[in-house]
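Take a look at the chain below. Keep the 3D view open as you read.

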Amino acid sequence: QVQLVESGGGLVQAGGSLRLSCAASGRTFSSYAMGWFRQAPGKERAFVAGLTFDGSKTNYADSVKGRFTISRDNAKNTVYLQMNSLKPEDTAVYYCAGGITAYGGYGYWGQGTQVTVSS
């Protein structure tokens with residue numbers, strides 16, 4: 001059974017930084033893509049960032065390009081989201097997503113971690 005457990009959310013002022021972590025278990029972590037999504041109040045869940053099984057390719061939502069960085073440590077079965085220059089509009093519940101292939105498509109979800117950016 002695939003399990004994804006996020007950590008690192010919290011309250012930060014605009015312009016600040018946070019790093020989210022997602023620890024995965026239940027399958028061969030290094031064989032699958034990983035990603036991050038977010039859901040703001042009253043909005044649908046939206047893609048934030050993703051990377052391939054080996055971390056060689058990444059992609060980002062336009063709204064976070066240049067500010068957020070996704071990375072993974074396959075030895076630790078962990079994926080990260082470094083968030084810099086945070087804005088109030090980044091406030092959301094952030095979800096770790098487990099890929100169903102090595103290159104994308106997501107079928108597994110963590111429980112979410114709240115990120116709140118104050119102005």
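This report covers a disulfide, a serine beside it, a group of aromatic rings and a cavity.

## The disulfide

This is a predicted model. It holds 1 disulfide. The partners are Cys 22 and Cys 96, with their sulfur atoms 2.1 Å apart. The pair links distant parts of the chain, as 74 residues separate the two. Cys 22 sits in strand β3, which runs over residues 18-25. Cys 96 sits in strand β9, residues 92-99.

Is the disulfide of Cys 22 and Cys 96 left-handed or right-handed? The torsion about the S-S bond is about -80°, so the disulfide is left-handed. Both cysteines, Cys 22 and Cys 96, are buried.

## Ser 21

Strand β3 also holds Ser 21. Is Ser 21 buried or exposed? Its relative accessibility is 16%. Buried means under 20%, so Ser 21 counts as buried.

Which residues does Ser 21 touch, leaving aside neighbours within four places in sequence? Its contacts are Val 5, Glu 6, Ser 7, Trp 36, Thr 78, Val 79 and Tyr 80.

## Aromatic rings

A pair of aromatic rings is described by two things: the distance of the centres and the angle of the planes. The structure has 4 aromatic pairs. One of them joins Phe 37 and Phe 47. Their centres are 5.5 Å apart, the planes stand at 80°, and the pair is edge-to-face. Phe 37 belongs to strand β4 (residues 34-39) and Phe 47 to strand β5 (residues 46-51). The two are 10 residues apart, and the pair links distant parts of the chain. Phe 37 is buried, with a relative accessible area of 13%. Phe 47 is partly exposed, at 27%.

Phe 37 also pairs with Tyr 106. Here the centres are 5.4 Å apart and the planes meet at 80°. Planes over 60 degrees apart count as edge-to-face, so this pair is edge-to-face. Tyr 106 lies in strand β10 (residues 106-109), 69 residues from Phe 37. Tyr 106 is partly exposed, with a relative accessible area of 22%. Phe 37, Phe 47, Tyr 106 and Trp 109 form one aromatic cluster.

## The cavity

How many cavities of 30 Å³ or more does a search of the whole structure find? The search finds 1. The largest cavity has a volume of about 40 Å³.

Its lining is made up of Val 2, Leu 4, Ala 24, Ser 25, Arg 27, Phe 29 and Met 34. By class, 5 of the lining residues are nonpolar, 1 is polar and 1 is charged.

Conventions. Residues numbered from 1 in each chain as written. Predicted model: local features only at pLDDT ≥ 70, side-chain atom pairs only at ≥ 80, totals over all residues. Heavy atoms only, no water. 1 Å grid on protein atoms, 1.4 Å probe; cavity = no way out; pocket = protein on both sides within 12 Å on 5 of 7 lines; lining within 4 Å. Points joined across faces, edges and corners; volume = space filled by probe spheres on them. Nonpolar A, V, L, I, M, F, W, Y, C, P; charged D, E, K, R; others polar. Disulfide = S-S within 2.5 Å. Helix = DSSP H or I, 4+ residues; strand = E, 2+ residues; numbered from the N terminus. Buried < 20%, exposed > 50% of the residue type's maximum accessible area, 1.4 Å probe, protein only. Contact = heavy atoms within 4.5 Å. Phe/Tyr/Trp six-rings, centres within 6.5 Å; stacked < 30°, edge-to-face > 60°.
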